[in-house]
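Reader: I am new to this structure and would like a close look at a single part of it. Please take me through the aromatic rings and how they pair.

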Amino acid sequence: MPSPIGALELISNGSAVTSLSIERGGALPHDGEIERPDDVLLETREQLDEYFAAERRDFDVPLSPAGTPFRRAVWDRLREVRWGEYTTYGELGFAVGKPSAGRAVGGAVGSNPIPLLIGCHRVLGSDGRVTGYSGGEGVPTKLWLLEHEGITLAA
């Protein structure tokens, strides 16, 4: 589906979204494959269109991200960070009971298989800096999403 940050590719297992990819360098992981939209994907597309039009702030489609229990705990915590809010890697570590696991938290955030729907763009460094983003074109994509949600960063 088209979006202001590039084409998006959605995948489901028929009952929940399992993957969302943001175009990078003009390509998506499953380019050229036959599209098979189902009810979950059609609803997700509608909700994403509403999000990009600033008419939706929360998603309520079913999600099923595959990952270790630790990664799923980080992603579950990320789902609690709402539109216009942000958290830090350190705060995430504390929230999941691993306050000294900064690298592991960063790895979990970076491996989020369902960005946007699980708002990993809302994670900043402890000093408020944008430290990276694995979706789309990286930091410019993250900055666009933060601005879209009205999150202002310290100069």
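Author: W83 has a relative accessible area of 12% and is therefore buried, a term that stands for under 20% relative accessible area, with exposed meaning over 50% and partly exposed in between (1.4 Å probe, protein chains only). The model is a predicted one, in which local features need pLDDT of at least 70 and side-chain atom pairs count only at pLDDT 80 or more, while totals for chains, interfaces and linings use all residues. Residues are numbered from 1 along each chain as its sequence is written, and side-chain values use heavy atoms, with hydrogens and water left out.

Rings of Phe, Tyr and Trp (its six-membered ring) are taken as a pair if their centres lie within 6.5 Å, and planes under 30 degrees apart count as stacked, over 60 as edge-to-face and the rest as tilted. By this rule there are 4 aromatic pairs. In one of them, the ring centres of Y51 and W83 are 5.5 Å apart and the planes stand at 80 degrees, so this pair is edge-to-face. Y51 belongs to helix 1 (residues 39-52), whereas W83 sits in the loop between helix 2 (69-78) and strand 3 (87-88), so the pair ties together parts 32 residues apart in sequence; helices (H or I, at least four residues) and strands (E, at least two) are DSSP runs, numbered from the N terminus. Y51 counts as buried, at 1% relative accessibility.

The rings of F52 and W144 have centres 6.0 Å apart and planes at 55 degrees, so they form a tilted pair. This pair links F52 in helix 1 with W144 in helix 5 (residues 139-148), distant parts of the chain that are 92 residues apart. F52 is buried at 13% relative accessible area, whereas W144, at 30%, counts as partly exposed. Ring pairs join Y51, F52, F59, W83 and W144 into a cluster.
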